[in-house]
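Q: I have a model open and would like to learn how to read its features one by one. Could we walk through it together?

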Amino acid sequence: MAELIRDAAERAARYLEDIQERRVRPSAEAVDGLAQFVEPMPDGPTDPQEVLRLLDEIGSPGTTGMAGPRFFGFVIGGALPAALAANWLSSAWDQNAGLFAATPVGTVLEEVSLAWLLDVLGLPAGSGAAFVTGGTMANFTALAAARNSVLRRVGWEVERDGLFGAPSIEVLVGGEAHPSLRKSLGMLGMGRERLTNVPVDGQGRMIAEQFPDLHGPAIVCIQAGNVNTGSFDPAHEICERAHAAGAWVHVDGAFGLWAAASPALAHLAAGVNEADSWATDAHKWLNVPYDSGLAFVRDPATLRAAMGITAAYLPEGAHREPSHYTPELSRRARGVEIWAAMKSLGRSGLAEMIERDCRCAARFAAGLTAAGFEILNDVVLNQVLVSFGSPEVNARVIEAVQEEGTCWCGPTLWQGRTAMRISVSSWRTTEADVDKSLAAIVRVAR
Ligand SMILES: *Cc1c(COP(=O)(O)O)cnc(C)c1O
């Protein structure tokens with residue numbers, strides 16, 4: 001076993017060295033080469049060393065360089081060294097993180113990292129939290145607590161009686177809510193199509209003045225960081241209006257919530273901490289390995305009521321039981337990597353990483369503007385939308401940028417216009433990477 005693990009570490013180290021310079025999109029030959037994996041279930045065993053060799057020799061070339069410094073697609077962070085190393089060690093531990101009795105270390109590191117997270121994100125101390133797979137599940141988890149809580153206030157117990165015959169809930173979302181938020185609401189029985197869409201401005205921000213009057217149980221979903229523009233909904237105004245009407249406010253802050261960890265950017269997230277629940281991704285801007293999302297709920301009892309495995313509200317022991325707060329019972333110990341990332345960065349390192357990525361985004365916008373291309377958004381955070389011309393031209397440029405291989409950016413649709421989206425979300429990205437990528441993009445586009 002030890003030799004195999006060392007071999008895996010050697011191969012991984014080599015991969016992470018190569019990724020600095022290799023093309024970001026895998027070559028067509030490498031993708032075709034993945035066909036070598038396709039075979040009927042083998043009748044007998046294969047030596048683990050051989051299994052690893054196949055994985056590295058066929059699999060590694062078929063990866064996209066997301067762990068490298070010049071992947072700017074979606075909103076995808078790299079994995080910090082300490083977080084990746086912690087992930088390996090905790091995989092060796094193979095702890096089931098559901099219960100304190102099963103994994104003391106997993107539970108303690110969740111407790112510690114939860115307190116640190118609430119602190120750096122500026123959220124109320126003592127909030128409840130779930131360590132889940134990603135933003136989609138974090139929204140789902142927090143919104144389950146929201147749904148049950150607003151119905152409990154009108155005398156309906158969802159946990160006990162389900163939803164058939166329940167009073168209806170009005171659910172408000174911004175017109176530019178993330179598609180996965182609609183999915184999360186759909187999974188909770190609140191419908192993807194029966195949501196009230198609040199009009200938004202040219203940056204995708206909810207227009208607070210157009211916020212409708214609310215009567216009866218209601219949930220308002222606001223956004224900290226629009227996936228295209230990086231913009232923030234006016235949280236303070238909306239929380240004030242929503243709370244006056246007795247509504248629950250939930251924040252989808254998959255990446256934008258991390259702005260609160262930077263003194264220079266925290267003003268963007270002003271008022272966000274007045275909400276009742278929040279969702280964010282650790283695998284985005286905290287740069288821990290996949291998969292890792294976080295749901296926070298101001299009143300831990302509501303989260304616990306929605307997610308506890310027993311209906312009875314048992315008193316907590318000396319330690320927080322992780323599975324009382326998550327959809328899953330058995331799961332991996334995500335708190336380990338979150339703790340390692342935050343311990344290795346410290347408050348200053350985290351702020352510096354977020355700020356550097358935002359500086360790099362601004363540098364992209366300035367370089368593209370100087371080259372004569374149109375930036376479609378106010379670059380307030382780490383997201384940049386650029387148009388090179390007609391939809392056909394944009395599609396061709398994006399394909400050619402990916403094929404050229406220096407960097408990777410994807411397409412998007414923003415308020416009826418096509419664009420290329422650049423998201424800077426990795427600890428590895430430097431200004432030199434931006435300049436190298438800018439040169440490639442401008443050359444290809446011209
Ligand atoms: C990425 C993202 C999500 C979904 O998160 P996953 O981790 O991919 O499930 C939700 N909302 C916003 C704003 C996002 O950027």
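**Reading the ligand shell and beyond**

A: The shell around the ligand is made up of 3 nonpolar, 7 polar and 3 charged residues. Here Ala, Val, Leu, Ile, Met, Phe, Trp, Tyr, Cys and Pro count as nonpolar, Asp, Glu, Lys and Arg as charged, and the others, Gly among them, as polar. This is a predicted model, where local features need pLDDT of at least 70 and side-chain atom pairs count only at pLDDT 80 or more, while totals for chains, interfaces and linings use all residues. Residues are numbered from 1 along each chain as its sequence is written, and side-chain values use heavy atoms, with hydrogens and water left out.

Q: Which residues come nearest to the ligand?

A: A residue is near a molecule if one of its heavy atoms lies within 4 Å of it. Of the 13 residues around this ligand, the nearest are Gly-135, Thr-136, Asp-252, Asp-281 and Lys-284.

Q: Which helices supply at least two residues of that shell each?

A: Helices are DSSP runs (H or I, at least four residues), numbered from the N terminus. The two in question are helix H6 (135-152) and helix H10 (282-285).

Q: Which side chains place a polar atom by an oxygen atom of the ligand?

A: A polar contact is a pair of N or O atoms within 3.5 Å. Asp-281 has a polar side-chain atom 2.7 Å from a ligand oxygen, and for His-283 the distance is 2.9 Å. In Lys-284, a side-chain N or O atom is 2.8 Å from an oxygen atom of the ligand.

Q: How much of the ligand does the protein bury?

A: Accessible areas come from the Shrake-Rupley method with a 1.4 Å probe. The ligand exposes 380 Å² when taken alone, and the protein buries 85% of that.

Q: Is Asp-7 buried or exposed?

A: Buried means under 20% relative accessible area, exposed over 50%, and partly exposed in between (1.4 Å probe, protein chains only). Asp-7, in helix H1 (residues 2-18), is buried because its relative accessible area is 18%. Contact means heavy atoms within 4.5 Å; leaving aside neighbours within four places in sequence, Asp-7 is in contact with Gln-49 and Leu-52.

Key. Polar contact = N/O pair within 3.5 Å; in protein donor to acceptor, adjacent residues only side chain to side chain.
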